[in-house]
Amino acid sequence: MANKHVNAVVIGAGAGGGVVAKELATGGLTVVLIERGRWHTFDEHGDDELTSQRTFPLKCGYGPDNERNWRMAPDGKNGWIKVFPNQWSYGNNAACVGSGTVSYGAMAWRYQPVDFHLKTKYGAVQGSSLDDWPLSYDELESYYEKAEYEIGVAGDPTNDPYVPPRKKPYPMPAFSYNREGIILEKAAKRLGLHPFPIPMLRNSVRYNGRAACIHMRTCVGFACPVGAKAGTQNTVIPVALKTGNCELRINCMVSEIIVDDRGKAKGIKYFDADNKLQEQTSDLVVVSASASETARLLLNSKSKLFPNGAGNNNGWVGKNIQDHAYTGAYGLFEDEVYDDVGPGACIAINDFNHRFPDIIGGGVLCNEFIRMPFQFTSIRPSGSRMWGKDHKDFQKHNFKRHIAIHGPVQEMPVFDKMVEVDPVVRDFWGIPVARISGFRHDNDIKVGHFLADKAEVWLKEAGAIYIWQAVPGKESTPSQHQSGTCRMGNDPKTSVTNKYGQLHEIDNIFIADGSLHVNNGGYNPALTILALGYWVGGHITENWRGTKMK
Amino acid sequence: MINQSFSRREFVRLITGGTAAVLISFNTACKNKISQWRYLDEEEIGLLDAIVEQIIPTDDFPGGKWANVSNFIDKQLDTYYRKHQLAYREGLAAFDKTVILMKGKKFEDLPFDEQTAILENMEAGEFSGDYWNDHSPADFFDMIRQHSLQGFYGSPLHGGNRGYISYHMLGLDYPKVIGQNRYNDSSWSKYNPKSLENGK
């Protein structure tokens, strides 16, 4: 039996798609929210480090699975090799209801106002496709606020002189510092810096019917056992389902957006939970499948007017993929600095973002989430012996005596850092797979060294007796912070969507995920993706009645 | 196909005889190779035990052997790491042969420090011989090293880290007791809506 026609299909139940589905369903549209993964709970996974979403030698606990999903990656010799989700060269983002928001660290950053017009601030950057967003911070501000209130953020910007302007306080009080945070706060103040608690999409007090945080050691990379960590799976998606307007279909892999000969989207084709090919027709399609998979889906949706994929006549779909060039330093201390109060990351400084004329961009610096025992085995100064007595002594002595400070360097967009579709290789369902290639811009490395130096100074002031830096290189495969592959812009020649996430070329296809980002900020992107979900979803519902879209 | 001319008795004799034959062959197989392991055999486990004990040696805390790291590896070779089966089978055999050629003894029978020196050679890629012409000794060593660390520090549910020994060693409570001293009022006292003035 054919599936009943709906107003909107939303592809991907992560940060962007979960919010859009809720906005549309509460706005009166009928919605099918389609997700290739399924529901996950803490009980299913526990605190097993080897199958978390942080370290995943055995598998990525929160998906996708190695059995049906693979990609191609450069082999370093001008060829390609097949890679699986639990390899770094795959560039994984979780595939489940809630996606990354189930297992993330939940930092709740707004980008800086200047992040929305970097080209105006810094001018053209050679070798980069840097541009201004068509959207300003002021336009997005109330959507950030909506995300902070509906999903739930704990924070306090009092001590951050560089906090982006905001109209309302955070809905929940900030978390207090753990022992690392207390040590680092004092040191930062002595250095004349401005430390403040990291805003978190995590309940510091009971909020929205969910419990307060119990400070698990295993937070980032894991589901929360009490639901204190807020994701779309325990906030907006249940609201969407409760309206009766939204149906969630899990274990369904979308293969193609159907675009007719007049250039309109008619719906989608997907493989259902039994791997049977199905069609779902709709008035409009919203793609929220993450920067890599959104691009892959558009590129795989070929039609008469769009032989290179939906909305891709200008060849910009899949280009400019970005992540963050994480940089920083590790410090060893004489005394124990570990107090087992999770998730660990709690303190930040904004002092080194956009404030130095010879440095383009920058990023926030934070103390890192708790490094679990296996993860810690790879944290060593270069040249260390990684096994035997040396290994064990280091592990025993320093596990509780080290602090990591790092920050997400804002990557300069590079046009040729991209997602393509492999011409030959297909996945389990027969869908052409993604392949990701390209190198970071030199500026990312330069800023990486700049910020790592600052991290080192901070650790030294805090009393570290031995410090080493960890600065990124040119090679990277964007994973959990992937963005930029369907950038928004005013010029249809150099962007994929308009400022509302609507494809320039097909007006009933929208994008709502990190793909829209023109650049990715010097911060974890989750809150911006959530805010863009409200922005795009709000635009659709406001313009629905009447209407040009129907 | 069962021929119609078979009498019922003949048929019964045939199938019971068949079963007996199967039982006998099963028995012989077991006698040759009684193994509690899933993929590796006793001899391979003996060698692997010596290697994992080098990766994580015993000191005032038990090492890789006691922590059942070989069991972890064997278990993964039957599940998540099926793709590494041949690498272990052929790599361990080649390693065994190489050591016997070098030292006239099996690796597991050598003194601890001599074992360490051999593994340092392997890590540095300094093995020679037919097998190592086509396979990187350094890669083989690094694979065992990685898997040993996973087995020692990962969850016991995967077969290693016996009794959460590595957590004891690091001073990590397991299970972590939720609710003890985790709450204080400082987060409340910081809450001050006026804080926004700074942000403007």
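A charge sits over a ring if NZ of Lys or CZ of Arg is within 6 Å of the ring centre and within 35 degrees of the ring normal. Keep that in mind for the first stop in this predicted model.

Select R202(A) and F175(A). Here R202(A) lies over the face of F175(A), 4.0 Å from the ring centre. Now jump to R380(A) and F376(A) for another case: the charged end of R380(A) sits over the F376(A) ring, at 5.3 Å from its centre.

Next, the aromatic pairs. Over all chains, the structure holds 33 of them. Pick F356(A) and F450(A): their ring centres are 5.1 Å apart and the planes meet at 65°, so this pair is edge-to-face. F356(A) is in the loop between β11 (347–349) and β12 (365–367) of chain A, while F450(A) is in helix α11 (residues 442–461), so the pair ties together parts 94 residues apart in sequence.

Last stop: Y500(A) and W535(A). This aromatic pair is stacked, with 5.3 Å centre to centre and 15° between the planes. Y500(A) comes from the loop between β16 (466–470) and β17 (509–511) of chain A, and W535(A) from helix α12 (residues 526–544), so parts 35 residues apart in sequence are tied together. Which of the two is buried? W535(A) is, with a relative accessible area of 7%; Y500(A) is partly exposed at 27%.

Terms used:
Residues are numbered from 1 along each chain as its sequence is written. Chains are lettered from A and ligands numbered from 1 in the order in which they are written. This is a predicted model: local features need pLDDT of at least 70, side-chain atom pairs count only at pLDDT 80 or more; totals for chains, interfaces and linings use all residues. Side-chain values use heavy atoms; hydrogens and water are left out. Rings of Phe, Tyr and Trp (its six-membered ring) pair if their centres lie within 6.5 Å; planes under 30 degrees apart count as stacked, over 60 as edge-to-face and the rest as tilted. Helices (H or I, at least four residues) and strands (E, at least two) are DSSP runs, numbered from the N terminus. Buried means under 20% relative accessible area, exposed over 50%, partly exposed in between (1.4 Å probe, protein chains only).
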